[in-house]
Amino acid sequence: MPPRSSTSWRVALPHTTAAVPVARALVRTALAERDHAADSDTAELLTAELVANAVEHTPGGAPIELVVELLPTGCQVEVHDADPAPPGDLTRPDLGMPDPWQEHGRGLLLIRTLSSSCGHRPTASGKAVWFRLSAVPRQRRPA
């Protein structure tokens with residue numbers, strides 16, 4: 001059963017690649033703790049993409065921040081960083097398939113494709129990049 005009210009977590013993460021598995025674990029734990037109906041695998045994957053992008057594409061050692069909000073209708077995950085520049089192709093229309101021989105270039109495509117919505121907004125200290133996942137109806141269980 002999805003939560004009746006919203007619940008949120010806010011965690012500072014190091015500006016290193018070590019933040020990626022920590023962020024995945026935090027999202028997985030938050031969804032499991034509340035027995036939330038958003039798809040945990042998709043939430044983890046998209047969170048990992050946002051955190052990896054923040055680490056790779058923003059300068060400096062300032063921590064990044066992960067915000068997870070569980071809502072009755074789904075979940076929203078935000079990653080805050082100190083760079084005010086918007087993320088590349090997050091909200092642009094489909095620009096075609098990435099080059100299959102390149103190692104990079106699929107993260108924002110995954111976020112656009114698998115989330116119910118996504119975007120970015122300026123913050124007092126940089127920007128927040130976010131995605132939402134809708135709650136998935138639970139299968140009826142046999143009695």
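Let me begin with a definition: a residue is called buried when its relative accessible area is under 20%, exposed when that area is over 50%, and partly exposed in between. Please also keep in mind throughout that what we are looking at is a predicted model.

I will start with the salt bridges, of which the count comes to five, and I will go through some of them in turn.

Glutamate 78 forms a salt bridge with arginine 121, and the closest N and O atoms of the two are 2.9 Å apart. Glutamate 78 belongs to strand 3, which covers residues 74-81, while arginine 121 belongs to strand 4, residues 117-123, so this pair ties together parts of the chain that are 43 residues apart in sequence. As for how the two partners sit, arginine 121 has a relative accessible area of 35% and is therefore partly exposed, whereas glutamate 78, at 8%, is buried.

Is glutamate 44 buried or exposed? Its relative accessible area is 6%, so glutamate 44 counts as buried, while arginine 24, at 30%, is partly exposed, and arginine 28, at 38%, is partly exposed as well.

Finally, I would like to turn to threonine 58, which is placed in the loop between helix 2 and strand 2. With a relative accessible area of 9%, threonine 58 falls under the 20% limit and is therefore buried. What does threonine 58 contact, leaving aside its neighbours within four places in sequence? The residues in contact with it are His15, Asn53, Asp81, Asp83 and Lys127. With histidine 15, the side chain of threonine 58 makes a polar contact of 2.8 Å, and a polar atom of that threonine side chain also lies 2.3 Å from the backbone oxygen of alanine 54. As for aspartate 81, which is 23 residues away from threonine 58 along the chain, the C-alpha atoms of the two are separated by 7.3 Å.

Terms used: Residues are numbered from 1 along each chain as its sequence is written. This is a predicted model: local features need pLDDT of at least 70, side-chain atom pairs count only at pLDDT 80 or more; totals for chains, interfaces and linings use all residues. Side-chain values use heavy atoms; hydrogens and water are left out. A salt bridge is a side-chain nitrogen of Lys or Arg within 4 Å of a carboxyl oxygen of Asp or Glu. Buried means under 20% relative accessible area, exposed over 50%, partly exposed in between (1.4 Å probe, protein chains only). Helices (H or I, at least four residues) and strands (E, at least two) are DSSP runs, numbered from the N terminus. Contact means heavy atoms within 4.5 Å. A polar contact is a pair of N or O atoms within 3.5 Å; within protein, one must be able to donate a hydrogen and the other to accept it, and residues adjacent in sequence count only if both atoms are side-chain atoms.
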